[in-house]
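Please look over this model with me. My notes follow the display, point by point.

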Amino acid sequence: MRAYMYTYGYRQPALAKDLIVSLDLPLQVCEDCLSCPVKCMNGWNVGRKIRDIVRLRDLPSEFLA
């Protein structure tokens, strides 16, 4: 969620990408789960937000400056 805030809250997608790359996440993140155990107190769909933001790792860094 920190990477999501870097991108959409603080408008710092390069910081978000650095964080995502440092986490060494699997290629398929939050896509094949039948049920997600994460429940956000604010009602956010955490899986959807993770799938949205993890796409940054595939973008060249020069597009994120």
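1. Start with a cut-off. A residue is buried under 20% relative accessible area, exposed over 50%, and partly exposed in between. Cysteine 40 has 24% relative accessibility, so this residue counts as partly exposed. Cysteine 30, at 27%, is partly exposed as well.

2. The structure holds zero of them.

3. Confidence next. This is a predicted model. The mean pLDDT of the chain is 90. A value of 70 or more is reached by 100% of the residues. Helix α2 (residues 13-23) has the highest confidence, at a mean of 96. Helix α3 (residues 46-53) has the lowest, at 91.

4. Now α2 itself. Which residues are buried there? They are Ala16, Lys17, Leu19 and Ile20. These residues cover an arc of only 165 degrees around the axis, which puts them on the same side of α2. Asp18 and Ser22 are exposed, on the other side of the helix.

5. Last, the largest pocket. Its volume is about 180 Å³. The lining comprises 13 residues, and the closest to the pocket centre are Met1, Ala3, Leu23, Leu25 and Ile53. Helices α1 (2-9), α2 and α3 each give two or more residues to this lining. By class, the lining has eleven nonpolar residues, two charged and no polar.

Methods
Residues numbered from 1 in each chain as written. Predicted model: local features only at pLDDT ≥ 70, side-chain atom pairs only at ≥ 80, totals over all residues. Heavy atoms only, no water. pLDDT = per-residue confidence, 0-100. Helix = DSSP H or I, 4+ residues; strand = E, 2+ residues; numbered from the N terminus. Disulfide = S-S within 2.5 Å. Buried < 20%, exposed > 50% of the residue type's maximum accessible area, 1.4 Å probe, protein only. 1 Å grid on protein atoms, 1.4 Å probe; cavity = no way out; pocket = protein on both sides within 12 Å on 5 of 7 lines; lining within 4 Å. Points joined across faces, edges and corners; volume = space filled by probe spheres on them. Nonpolar A, V, L, I, M, F, W, Y, C, P; charged D, E, K, R; others polar. Arc of directions from axis to C-beta.
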